[in-house]
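Look at the charged side chains in this structure. Follow where they pair, and which parts of the chain they join.

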Amino acid sequence: MYDVKIRKLPSSKDLPLPKQMSASSAGFDLLAAVKEEMVVAPGDWTLIPTGISLEMPEQLEAQVRPRSGLALKHGITMLNSPGTIDADYRGEVKVIVHNLGRESFVVKRGERIAQLVFQELPKIRMMEVAELSTTSRGEGGFGHTGK
């Protein structure tokens, strides 16, 4: 178990902390800390504040991901999905919301706009080599196995 510290910014003092909606939920729902309703037109995107900042152990990253219900019902996703929050970042968590739907989407204060999923990071050492081992796949990519 890891301890993650959450600081509520002045813009979110009246909003609850992110929470998991069920005991087995992978993500913590992030709430929109907008001052007033924001309209995202079809095809447009905007930056939505959440009113929180984080402090987490360096073994973790936090990923900001879209909510499936908003995607299915309204065509709402995120441009940089998943968005990565590094352990040394202390600024406000914000979400780049993109409206792929056919109608304008209204972001309301306190609305569950995205989810935060924590991932453990392995320690990696990059090693430069002259050659890599061969595999049956080789350099095949981007649909090389067919439909």
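A salt bridge here is a side-chain nitrogen of Lys or Arg within 4 Å of a carboxyl oxygen of Asp or Glu. The model is predicted. Searching the whole structure turns up four salt bridges.

Start with Lys 5 and Glu 55. Their side chains form a salt bridge, at 3.9 Å from N to O. Lys 5 sits in strand S1 (residues 5-8) and Glu 55 in strand S5 (residues 52-55), so the bridge ties together parts 50 residues apart in sequence. Lys 5 is exposed, at 52% relative accessibility. Glu 55 is partly exposed, at 35%.

Next, turn to Arg 109 and Asp 14. This salt bridge spans 2.5 Å, N to O. Both residues are in loops: Arg 109 between strands S10 (105-107) and S11 (112-120), Asp 14 between S1 and strand S2 (28-31). The pair therefore ties together parts that are 95 residues apart in sequence. Arg 109 is partly exposed, with a relative accessible area of 32%. Asp 14 is exposed, at 58%.

Now go to Arg 67 and Asp 29. Their side chains meet in a salt bridge of 3.9 Å, N to O. Arg 67 belongs to the loop between strand S6 (60-65) and helix H1 (68-74), while Asp 29 is in strand S2; the two are 38 residues apart. Are these residues buried or exposed? Arg 67 is buried, at 17% relative accessibility. Asp 29 is buried too, at 8%. The cut-off for buried is under 20%.

The pairing extends further. Asp 29, Arg 67 and Arg 112 are linked in a network of salt bridges.

Key:
Residues numbered from 1 in each chain as written. Predicted model: local features only at pLDDT ≥ 70, side-chain atom pairs only at ≥ 80, totals over all residues. Heavy atoms only, no water. Helix = DSSP H or I, 4+ residues; strand = E, 2+ residues; numbered from the N terminus. Buried < 20%, exposed > 50% of the residue type's maximum accessible area, 1.4 Å probe, protein only.
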